[in-house]
Amino acid sequence: MGSDLLRAIAPGRTFTAEFRRALSVTAAFGVTEDFKELSSPGLAASGGVEVVDRSAGAHLRVHALHELDLRRVYVTPRGNTLQRTGDASYLLAGTVALSAAPLVP
């Protein structure tokens, strides 16, 4: 019955295509939520966010993006990658650029 409904709603499309689209929408939502959280000025006040160092498997609570090591890849609680690419530049999910004020000594 479900596949009949899908055919009626989207003739010519397969269930696999619909499933892929649903996964894509879900992934985009997760990236958006991570972006909002990580670019929030209240990140430190909220207690930060816990990320996992992908190579070492170590957990790290981050209160500001500048706490991340340069070029090391971390994983957010939503499963997206996060990497510091410069003094004030970061890459979320491999494609979304984030920036934060550089740390002034």
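These notebook entries record what I looked up in the structure.

**Entry 1: the model**

I noted that this is a predicted model, in which local features need pLDDT of at least 70, side-chain atom pairs count only at pLDDT 80 or more, and totals for chains, interfaces and linings use all residues. Residues are numbered from 1 along each chain as its sequence is written, and side-chain values use heavy atoms, with hydrogens and water left out.

**Entry 2: the elements**

I found 2 helices and 6 strands in the protein; both are DSSP runs numbered from the N terminus, a helix being H or I of at least four residues and a strand E of at least two. From the N terminus on, the order is α-α-β-β-β-β-β-β. Of the 105 residues, 24% are buried, where buried means under 20% relative accessible area, exposed over 50%, and partly exposed in between, with a 1.4 Å probe and protein chains only.

**Entry 3: the sheet**

In which order do the strands of the open sheet stand? I read the order as S2-S1-S3-S4-S5-S6, with antiparallel pairing; two strands pair if DSSP finds at least two bridges between them. Strand S2 (59–62) and strand S6 (96–99) stand at the edges with a single partner strand each, so one side of each has no neighbour in the sheet. On average, neighbouring strands of this sheet are turned by 35 degrees against each other, direction ignored; the axes are lines fitted to C-alpha atoms, for helices over the stretch in contact, and angles run from 0 to 180 degrees between N-to-C directions.

**Entry 4: strand S1 and its partners**

I then followed the pairing of S1. S1 and S2 are joined by 4 antiparallel bridges, and S1 and S3 by 2. Val52 has His59 as its bridge partner in S2 and Val75 as its bridge partner in S3. Val75 also has a bridge partner in S4, namely Thr81. S3 (residues 73–75) and S4 (residues 81–84) pair in the antiparallel sense over 3 bridges.

The hairpin of S1 and S2 has 5 residues between the strands, and Gly57 in the turn has a positive phi of about 75 degrees.

Is Asp53 buried or exposed? Asp53, in strand S1 (residues 49–53), is buried at a relative accessible area of 8%. A polar atom of the Asp53 side chain lies 3.0 Å from the backbone nitrogen of Ser55.

**Entry 5: positive phi outside glycine**

Arg71 has a positive phi of about 65 degrees, is found in the loop between S2 and S3, and is exposed at 61%. Ala93 has a positive phi of about 55 degrees, is placed in the loop between strand S5 (89–92) and S6, and is partly exposed at 27%.

Ser99 belongs to strand S6 and counts as exposed at 64% relative accessibility. Its C-alpha atom is 4.6 Å from that of Ser89, 10 residues away along the chain.

Ser99 also lines the largest pocket, together with residues including Leu38, Pro41, His63 and Leu98. On a 1 Å grid over the protein atoms alone, a pocket is an open set of points where a 1.4 Å probe fits, with protein on both sides within 12 Å along at least five of seven lines; lining residues have an atom within 4 Å of a point. I recorded about 160 Å³ of space in this pocket, a volume being the space filled by probe spheres set on the points. The lining divides into 8 nonpolar, 4 polar and no charged residues; Ala, Val, Leu, Ile, Met, Phe, Trp, Tyr, Cys and Pro count as nonpolar, Asp, Glu, Lys and Arg as charged, and the others, Gly among them, as polar.

How values were computed. Polar contact = N/O pair within 3.5 Å; in protein donor to acceptor, adjacent residues only side chain to side chain.
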